[in-house]
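Me: I have a model open and want to learn how to read its features. Can you take me through them?

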Amino acid sequence: MKLITHTDALKDVVATLSKSDFVTVDTEFIRESTYWPQLCLIQLASDDIAVIVDPLSPDIDLAPIFSLMKNQNVVKVFHAARQDVEIIYKLGNIIPSPLFDTQVAGAVCGFGESVSYEQIVERVTGQHIDKSSRYTDWSRRPLSDKQLSYALADVTHLRDVYKYLDKKLEKTGRTHWIDDEMSILTSTKTYDMPNEDAWKRIKGRIRKPRELAVLQQIAAWREQEAKNRNVPRGRILKDECLIEIATQQPKDADALAKLRSISKGWERSAAAAELLKAVQTGLTTDLSTLPPIHKHVPVANGTAAAVELLRVLLKLVADEENIAPRIIANNDELEKIAKQDSDGHVPALEGWRYKIFGEKAEKLLNGNLGFYFHNGKILTKEL
């Protein structure tokens, strides 16, 4: 087992990996008590070599890693890539490219919508992965042989999974079916959310424009405060607290202290003073500059029935094509199709999705496609 702790050794390893058509990549990090993830290990493997890089070593510079991530001749293979890519982007200001996510490819190849690494490894290779070290403290040194073996397994088995999925995608002509998902993973917008958009992460009901204006300001304040202190957002204020502040709109410390979600005494802190400034900014924001508050309007009875029929059709198509339904269409798209609303972008009515599902959906709504039950199965029939 090769543990890389010096830059010169890393350069030699990257030189070898750069000769391969692909490199499997994984990271181990901790984030429970920080805003920014602390990178603790980087695992890399090709057909010829498998190594673990220790980014916490004082004798290592990760520049060769970033060079490899930019190498257009080497496919970087991840499983559930988003968090790993975010770490690489934040540290090296690059997005690994070209990129292949085996979880996304698995959804197109019949492994379900969010298949785990151990599940897909077992189904492809028959190997069982011991996940008992999953929640270990990766920042502590030295690491045990068991920890290192666990970490390395996350890239060695991934080689076989990648080869299987890549071959299956090519054989079935579905390689381009994952392009949309890959474009999301390789977009800097996925990892560069500005503070002013932080409110979009918050779950809770906002009914009025003024409430939204306040929420935007206090969410942006919390985001910057969490970054400055390098603590999770919830350590500053929890989401439900921000929703209460946005709806109650306290103008001073006394009003803030009356809120149920505010800890006793916090209203007199320096952070509370900054929060109240953010509330005041929200109260004076020009409401015409706000985005519309999207309210879910229940569909009419006839449309609701059409949506249910489209769900049945989507399930039939997904089963027939051995693909996760989410990759074909989501609920919002089904509602737009049911309403026969031509406004807006509906991926399910374009490209390969239209060929396998969208065209049938149109026929269903136009009365040219029906369902029938035969031998325990629901089947479709053109009318």
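Reply: Start with how elements are named. Helices and strands are DSSP runs, numbered from the N terminus. Keep in mind that this is a predicted model.

Me: Which element gives the most to the lining of the second largest pocket?

Reply: That is α3, with 4 residues. Two elements give two or more residues to this lining, α3 and α8 (209-229).

Me: What is the volume of the second largest pocket, and which residues lie nearest its centre?

Reply: The general idea comes first. Rolling a probe the size of a water molecule over the atoms shows where empty space is left. Here the second largest pocket has a volume of about 540 Å³. Its lining has 23 residues, and Arg31, Tyr35, Glu86, Arg201 and Arg233 lie nearest the centre. By class, 12 are charged, 8 nonpolar and 3 polar.

Me: Which domains does that lining draw on?

Reply: Domain 1 (2-190) and domain 2 (195-289) each supply at least three residues. The domain assignment also gives domain 3 (302-382). The centres of domain 2 and domain 3 are 42 Å apart, taken over C-alpha atoms.

Me: How much space lies in the largest pocket?

Reply: About 700 Å³. The elements that give two or more residues to its lining are β2, α3 (82-92), α5 (117-125) and α6 (145-172). The largest share, 6 residues, comes from β2. Of the 27 lining residues, Thr27, Glu28, Phe29, Arg134 and Tyr150 lie nearest the centre. The lining divides into 11 charged, 10 nonpolar and 6 polar residues.

Me: Now the sheet. In what order do its strands run?

Reply: Again, the idea first. Strands of a sheet pair through backbone hydrogen bonds, either parallel or antiparallel. In this model, 6 strands form an open sheet with mixed pairing, in the order β1-β4-β3-β2-β5-β6.

Me: Why is one side of β1 and of β6 left without a neighbour in the sheet?

Reply: β1 (2-4) and β6 (99-101) stand at the edges and have a single partner strand each, so one side of each has no neighbour in the sheet. From one strand to the next, the twist averages 25°.

Me: How many bridges join β2 to β5?

Reply: There are 3, between residues 22-30 of β2 and residues 75-78 of β5, and the two strands run parallel. Phe22 stands opposite Val75 in β5.

Me: Which strands does helix α1 touch?

Reply: Helix α1 (residues 7-17) packs on the sheet and touches β1, β2, β3 (38-45) and β4 (50-53). Its direction makes about 120° with that of β1. Helix α2 (residues 63-70) lies across β2, β3, β4 and β5, at about 105° to β5.

Note on methods. Residues numbered from 1 in each chain as written. Predicted model: local features only at pLDDT ≥ 70, side-chain atom pairs only at ≥ 80, totals over all residues. Heavy atoms only, no water. Domains from an automatic or database assignment. Pairing = 2+ DSSP bridges. Axes fitted to C-alpha atoms, helices over the stretch in contact; angles between N-to-C directions. Contact = heavy atoms within 4.5 Å. 1 Å grid on protein atoms, 1.4 Å probe; cavity = no way out; pocket = protein on both sides within 12 Å on 5 of 7 lines; lining within 4 Å. Points joined across faces, edges and corners; volume = space filled by probe spheres on them. Nonpolar A, V, L, I, M, F, W, Y, C, P; charged D, E, K, R; others polar.
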